[in-house]
Amino acid sequence: MERGQEMQLPPDQYEAELQKVKAYLALHNCYGVDLNHTAVELAEVSLWLNAMHEGLKAPWFGLHLRRGNSLIGARRAVYAAEALKKKLWLTAVPVDRPLREDSAVGVFKEGEEIHHFLLPAKGWGTVANSAEAKELAKEDRDQLAEWRSRATSTPSTAQRKRLLALATRVERLWQLARRRLVVSEREIRRDIAVWEVEPDRPLPRSSGAVSRERIEAALKEPGAPLGRLKLIMDAWCALWFWPVGQNDTPEPPDLGEWLDFCEAVLGVPPAKAKAAKAKGVKKASAAGHDDLFGLFGDTGDFDQLAVDDSNDRLMSQCAEMPVIALRFPWLSEVDAISRREGFFHWELEFAHVFFQGGFDLQVGNPPWLNSEWRDDLAVAEYDAWFGLEKQATEDVRTERRAMALAEPDALCAYLADLSSWVGSDAHLGSTVDHPTLNGLRTNLYLNFMERTWRSMGQRGIAALIHEENHFSFPRGGSFRAATYARLRRHFQYGNNILLFEDVDNNKSFGVSVYGPPREIGFLQIARAVHPSMVDDSFTHSGDGPLPGIQFPEGGWDLRPHRDRIVPVDRGVLASWAAVIDEPNTPAEQARVLRPVTVEDNQALRVLASFDERLHDHAYWWSSELNEKTTREKGIIEKRSAVPPSWDEAVLQGPHFAVATPFAKQPNPGCKSNKDYTDWDLEQLPEKLVPRTNYARACSKGDFAAARRSWDDVSSGDFYRVTWRRMITSNTERSLQPALLPPGPTHVDAVHTLALASERGTGIVAGLWASLVFDYLVKVSGASKVNIELARSFPTPLSHPLTTPLLLRTLRLNCLTRDYAPLWEELFDPAWQADRWTDTASVRPALHGISAAWSMATPLRTEYDRRMALVEIDALAAVMLGLSAEQLCAMYRSQFAVLRKYEWEAFYAADGHKIGAATHNVGVRQTPEEATFVKAWVKAARAGDPTPEVPDGWVKPDREVEMTRAHAAFTARLLAGEYGDYAVYAAEHGDHGNLLGAAEAEQVLANVSAESR
């Protein structure tokens, strides 16, 4: 604009002016911190190359781009003096005192508060707690433990006064350091003629009188206020990392020596200031807390700063830095640790930024790394065998480890690495220094989230790419509350199309945009695989069909849509909490669900309204044998064999699948979870125990004792629901429940559960086999189906539709005679009047059964079993109040792989499946059938005419079948076929409003009399 008129710059001038703006921002507004020196240098080169334009002098980024550990450092936080009593400061969280004087949390209270880094920390010398230090450096470890006790003793009254005086000095030096940074920032500026700068608001300019070398020398001066404060903070941090097992490590300071050191470095308040306070003068000058006479007024002159610093050192009796180094020999170790770890103290190093409130914009891709000590990898530095050998016994590993660490240099280096890791882990996981992370396993991306929140200005924004484990951790409620209050946008991605080539294609992550805390309200897009899906959804009209994850025929559905954007507020979070969290979980602590569309989220709200959950019923569950520890203890051993009885079978996840206790059997000498063979259920013998990869390695008594007991009864005495604990959401099915007969145990990658009655156990097995419950697992984004998730599942044990549900569930699971007692106990004569919902089906009748179990009782063909599962999907939906369209929406949104398999599959006249994909091949499929179905798939995907389907083959359509079954079961329910639904609804609620007159009449009108 020029004088109210639009001005169009020529293209060449536009690019030149744009480059100047970029250069101005790069030189004056860009900051960054990285622990890696090379990364800092590369950032400087990148900014320079992107900012270059004609006339620009060589830039200097040394004040803005810094080498340091962003996550470990001291901060501007204080304890009240009362916290020194009874060692309260060791466990209490300090109060932040931002540099801004108008901060909402108040300013520093002189004479009442002490900065946290002036006090010994509970984490000092924390390596003394490690088992490795106790084993390998016991004498050093014991001395360090004794020092920790002395250093953290309660300060005396005299020491308390010294600490309060030191706090005053900290404030004074902080102000001087800030002034130095403000003036340095001004003097390093480059004069860049940015286009159309408003005349009444000119850009700041450098005086041009101070060279870069002088600025840099002043900033790096160890005796300057900035350097003295940094030394205190570095020493406080270094004492967390104090090592054991090193040569000539000096003894660290006790509390008395620590205070001597702080006074030598920081000085003490001038005597006149003390005298003035004694006379009742309470207010310090604007120049600092101990500048009562205004001797150090802020002139903004670079040369005057050096004079002020010198006068301050003189009046406060600060010791010279060489004298300090000689007086406190342990500073050599502090220096070595600080150089290695790179402690960074944000509010000191960037004090001028934080005085203005913080950073306006932060972006980053922090490391996605759990803090974990990997002893094998640490020892592998000195013996590569530990990085290569995976199958050795514990005895062999222990012996070899002792040999590797017998070399003095190796042991010294190993213990140095240990001390570094333990110190870092203790600091990053400290509930005092990182209270919002309390209860979470330390992961660097979580610490970076917290760091950006601390560094954020009052109107700032932070955007990060990171993992999303915190959204599903059962104990992460408090951190989620802090996250939701700041979250503005949440875009969840999968790496399915390998946007990041070096990351697993199954890895999920998120782009999250944060702002200052406020009432919860953010926009979410889930299951995106490309950024265009997010960008274009915000400009989409809202017309057209709703997208899914993949197209039915395969291929990622990249279509944007306005309804991909799900608004999330406190009410939505409350509904999510009702679906998968513990009872009475606050909305702000809910775990995140990932509906793909707004309509998808409406189905979740329906499920949230169902108030009868598993935790409302008596149940028992177990993870049974810990795979690692029971091998170490000699309870089980790796041995491929067929157990002599169920009592000695140790099952693993691949053994079973959805409603199929006999899914696969490991091949002899099985090497991985892919080395299994599918069972042909039509050829299954009447009695069977499958081959297992683990066998009993101890006496029968010890083996029995290792199993879990439920109310003093072995868990193996019950029929149980079993499921795989570890899951991925991008597979055909995630929740894999089946019914186990009495006898077998399992490793902890499998869980089992039983209710107070066999009927209740069977109902749960049936409900969990439905798409509805698998949808809950998939939409949760969880990687594990732990009991914390499962006990929140809806559990309508007395619903009239449990009768047809049990029939289908037992006919799917009761595959061998070991299930005969369960079948005969739960047999209901009403089953003999039940029927398939597809009245045109030519498959054997569903009700062709008797009270006695026989080989004809279970459904064995793949088509019959699929029909039963589809009807279970519909039954679960009707029981929970979901409409047929909502059930189909769940299927479309979360079951991409299953949809693709169904789209390409056929079923032959005898009921066996024919599929094209490798993992969709039927057990009895012939090569000729495979050739046909692959040709059909190829033609269908290309849009060409497809080959003629052989007579008797059936092409499934799950949405049509689920819709038909939903209508049929609703009609049968309202007709009273399974009991009086009105009585049930009066007590438990009419979910789905089935008793509404209009709805009931419409349902009955839509269903044939035969089906009713």
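# A chat about contacts in a predicted model

Colleague: Leaving aside its neighbours within four places in sequence, which residues is Asn447 in contact with?

Modeller: Once those close neighbours in sequence are set aside, Asn447 touches Leu71, Leu428, His434, Leu437 and Thr442. Please keep in mind, as we go on, that this is a predicted model.

Colleague: Where is Asn447 found, and is Asn447 buried or exposed?

Modeller: Asn447 belongs to helix α19, which covers residues 444–455. Its relative accessible area is 2%, and since buried means under 20%, Asn447 is counted as buried.

Colleague: What does the side chain of Asn447 reach?

Modeller: The side chain of Asn447 reaches the backbone oxygen of Leu428, at 3.2 Å, and Leu428 is also among the residues in the contact list of Asn447.

Colleague: Changing topic to helices: how are α7 and α12 placed relative to each other?

Modeller: In general, two packed helices are described by the angle between their axes and the distance between the axes. For helix α7 (residues 225–238) and helix α12 (residues 331–341), the axes come within 9 Å and cross at roughly 85°. Angles of 65 to 115 degrees count as roughly perpendicular, and α7 and α12 are therefore roughly perpendicular to each other.

Colleague: And which residues make the contact?

Modeller: On the α7 side the contact is made by Leu231, Asp234, Ala235 and Ala238, while α12 brings Leu331, Val334, Ile337 and Ser338. Sorted by class, the contact of α7 with α12 has six nonpolar residues, one polar residue and one charged residue.

Colleague: What about aromatics, how many aromatic pairs does a search of the whole structure find?

Modeller: The search of the whole structure finds 45 aromatic pairs. One of them is formed by Tyr863 and Tyr907, whose rings are 5.1 Å apart centre to centre with 50° between the planes, and this pair is tilted.

Colleague: Where do Tyr863 and Tyr907 sit in the chain?

Modeller: Tyr863 is in helix α31 (residues 862–880) and Tyr907 is in strand β24 (residues 906–907), so the pair links distant parts of the chain, 44 residues apart. Tyr863 is buried, with a relative accessible area of 10%, and Tyr907 also counts as buried, at 6% relative accessibility.

Colleague: Why is the pair of Phe906 and Phe932 edge-to-face?

Modeller: The ring centres of Phe906 and Phe932 are 6.1 Å apart and the planes stand at 65°, so the pair is edge-to-face, because planes over 60 degrees apart are counted that way. Phe906 is in strand β24 and Phe932 is in helix α34 (residues 927–942), and this pair links distant parts of the chain, 26 residues apart. Phe906 counts as buried at 2% relative accessibility, and Phe932 counts as buried at 15%.

Colleague: Back to helix α34 for a moment: is Lys938 buried or exposed?

Modeller: Lys938, which is placed in helix α34, counts as exposed, with 67% relative accessibility.

Notes. Residues are numbered from 1 along each chain as its sequence is written. This is a predicted model: local features need pLDDT of at least 70, side-chain atom pairs count only at pLDDT 80 or more; totals for chains, interfaces and linings use all residues. Side-chain values use heavy atoms; hydrogens and water are left out. Helices (H or I, at least four residues) and strands (E, at least two) are DSSP runs, numbered from the N terminus. Buried means under 20% relative accessible area, exposed over 50%, partly exposed in between (1.4 Å probe, protein chains only). A polar contact is a pair of N or O atoms within 3.5 Å; within protein, one must be able to donate a hydrogen and the other to accept it, and residues adjacent in sequence count only if both atoms are side-chain atoms. Contact means heavy atoms within 4.5 Å. Axes are lines fitted to C-alpha atoms, for helices over the stretch in contact, and angles run from 0 to 180 degrees between N-to-C directions. Angles under 35 degrees count as roughly parallel, over 145 as roughly antiparallel, 65 to 115 as roughly perpendicular and the rest as oblique. Ala, Val, Leu, Ile, Met, Phe, Trp, Tyr, Cys and Pro count as nonpolar, Asp, Glu, Lys and Arg as charged, and the others, Gly among them, as polar. Rings of Phe, Tyr and Trp (its six-membered ring) pair if their centres lie within 6.5 Å; planes under 30 degrees apart count as stacked, over 60 as edge-to-face and the rest as tilted.
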